[in-house]
Amino acid sequence: MNLFACIAQNERARGKMAPPGRSGARRRCQRLLYWVPVLFISIIVCWSYYAYVVQLCVVSIESIGEKVLCLTAYHFFVILFVWSYWKTIFTPPMNPSKEFHLSYADKELLERESRGEAQQEVLRRVAKDLPIYTRTMSGAIRYCDRCQLVKPDRCHHCSICDKCILKMDHHCPWVNNCVGFSNYKFFLLFLAYSLLYCIFIVATDLQYFIKFWANGLPDTQAKFHIMFLFFAAAMFSVSLSSLFGYHCWLVSKNRSTLEAFRAPIFRHGTDKNGFSLGFRKNLRQVFGDEKKYWLMPVFTSLGDGCSFPTCLVNQDPEQPPTPAGGNTTAKSMEGHPFPAKPLRDSQSHLLTDSQSWTETNGNNEKCILGMSNPALTMENET
Ligand SMILES: [Zn+2]
Ligand SMILES: [Zn+2]
């Protein structure tokens with residue numbers, strides 16, 4: 001049994017011993033505390049609305065034309081920003097579908113078996129008809145002891161949500177939600193629109209901020225709101241631009257934050273580019289096929305979150321060769337039998353586009369196996 005399974009068992013044992021009333025109250029308190037960062041952001045957004053609309057546009061800007069222009073553009077940005085933030089927070093993360101869950105008989109069998117190899121036999125039989133290509137570091141089927149299911153590719157257990165999350169990116173305290181398959185597009189748009197919102201404020205507030213320093217503005221309340229608004233927007237612009245830039249790079253490589261820290265492990269070995277299909281297709285996996293919806297916070301990501309097209313299928317000797325990828329020499333293999341899976345329609349569609357295979361599989365680069373980011377709450381797989 002892996003390390004996580006042992007931890008989970010201990011946690012369950014602790015849970016049984018603790019008085020139910022107290023642990024329930026503690027959990028409720030914890031859940032309330034998780035909303036503090038969201039509340040903090042919401043207060044800042046509400047204050048920035050007051051500072052910009054009332055103190056800057058209504059009180060400080062004299063020209064009617066400039067007032068109207070600033071207020072219209074501001075409301076355009078703030079609506080998109082709040083809309084995408086709302087969708088990121090309140091879109092529930094998706095969990096693995098029924099077929100990944102163990103049947104009652106299999107759960108019993110798994111609990112009865114004490115040897116790791118015998119347990120793996122059970123899991124291999126369960127996983128044989130599932131579209132999974134990734135393994136644990138030791139080459140075993142990825143299994144979540146907590147949720148009692150075979151983990152789909154790119155799915156991880158979040159210790160804060162206490163659930164397996166499809167294509168988990170990370171658990172974000174600023175939205176008090178797991179960022180994963182169901183809301184990754186919303187999260188990207190939230191970063192983009194919040195960055196645009198801050199840049200817009202900096203750009204339009206700048207001349208009044210300069211006037212403040214040059215003592216050109218009367219000594220009123222507006223003066224201080226304008227100054228703090230400029231500082232706050234400039235500060236958030238810097239941090240948001242680096243985070244947004246990083247996520248743009250991740251999308252272009254078709255990697256999640258977790259996969260950037262620890263590359264996915266396939267049957268032939270570790271490959272950080274295992275899910276990359278080339279820049280255009282990687283973009284379409286997150287944003288969908290219809291460009292008119294790309295900039296709107298509506299769900300358009302491709303696939304079901306449980307299985308993902310991978311160019312490596314074509315490099316697996318157990319899979320039939322296809323003309324698109326060619327059956328190239330396999331990398332180091334380990335012997336877990338797993339049948340070839342036909343790609344679903346959406347996957348085949350992604351794989352047969354004329355823009356295929358613009359990326360190589362950079363297998364020579366060193367993979368980062370450690371988790372150094374405290375914000376990442378994925379379990380360790382051994
Ligand atoms: Zn789980
Ligand atoms: Zn989570």
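Start by selecting leucine 56, which sits in helix α3. Helices here are DSSP runs of H or I with at least four residues, strands are runs of E with at least two, and both are numbered from the N terminus. This is a predicted model, in which local features need pLDDT of at least 70, side-chain atom pairs count only at pLDDT 80 or more, and totals for chains, interfaces and linings use all residues. Residues are numbered from 1 along each chain as its sequence is written, while chains are lettered from A and ligands numbered from 1 in the order in which they are written.

**Stop 1: leucine 56**

Is leucine 56 buried or exposed? Leucine 56 is buried, because 25 other C-beta atoms lie within 10 Å. The cut-offs are these: buried means 20 or more other C-beta atoms within 10 Å of the residue's own, exposed means 12 or fewer, and partly exposed lies in between, with C-beta atoms placed from the backbone.

Leucine 56 and isoleucine 226 are 170 residues apart in sequence, yet 6.6 Å apart in space, C-alpha to C-alpha. Setting aside neighbours within four places in sequence, the contacts of leucine 56 include Asp205, Tyr208 and Ile226. A contact means that two C-beta atoms, placed from the backbone, lie within 7 Å.

**Stop 2: helix α3 and its cover**

Keep α3 and show α4. The two pack at an angle of about 170°, with axes 11 Å apart. Axes are lines fitted to C-alpha atoms, for helices over the stretch in contact, and angles run from 0 to 180 degrees between N-to-C directions. α3 and α4 are therefore roughly antiparallel. Angles under 35 degrees count as roughly parallel, over 145 as roughly antiparallel, 65 to 115 as roughly perpendicular, and the rest as oblique.

Color the contact residues. From α3, pick Val38, Tyr49, Tyr52, Val53 and Cys57. They meet Lys67, Cys70, Leu71, Tyr74, Val78 and Ile89 in α4. This contact divides into 10 nonpolar residues, no polar and 1 charged. Nonpolar covers Ala, Val, Leu, Ile, Met, Phe, Trp, Tyr, Cys and Pro; charged covers Asp, Glu, Lys and Arg; the others, Gly among them, are polar.

**Stop 3: the largest core**

Next, select Val150, Ile165, Phe187, Phe190, Cys198, Ile201 and Leu229. These have the most contacts inside the largest nonpolar core, which has 57 residues. Such a core is a set of buried Ala, Val, Leu, Ile, Met, Phe, Trp, Tyr and Cys residues joined through C-beta atoms within 7 Å. α7 gives the largest share, 15 residues. The core draws at least three residues from each of domain 2 (34-91 + 183-240) and domain 3 (98-179). Those bounds come from an automatic or database domain assignment.

Zoom in on phenylalanine 187. Beyond four places in sequence, phenylalanine 187 touches Thr88 and Val179.

**Stop 4: three loops**

Go to proline 152, in the loop between β2 and β3 (156-158). Proline 152 counts as buried because 25 C-beta neighbours lie inside 10 Å. Proline 96 is 56 residues away along the chain, but the two C-alpha atoms are separated by 6.9 Å.

Move to leucine 130, in the loop between α6 (116-127) and β1. Leucine 130 counts as partly exposed because it has 19 C-beta neighbours inside 10 Å. Outside four places in sequence, leucine 130 touches Glu99, Phe100 and Val150.

Then find asparagine 254, in the loop between α8 and α9 (257-261). Its phi is near 55°, a positive value in a residue other than glycine.

**Stop 5: α8 and α10**

Finish with α8 and α10 (residues 279-287). Their axes come within 7 Å and cross at roughly 110°. α8 and α10 are therefore roughly perpendicular. Val251, Ser252 and Lys253 in α8 meet Phe279, Asn282, Leu283 and Val286 in α10. The residues of this contact divide into 4 nonpolar, 2 polar and 1 charged.

Zoom out. The chain has 11 helices and 8 strands.
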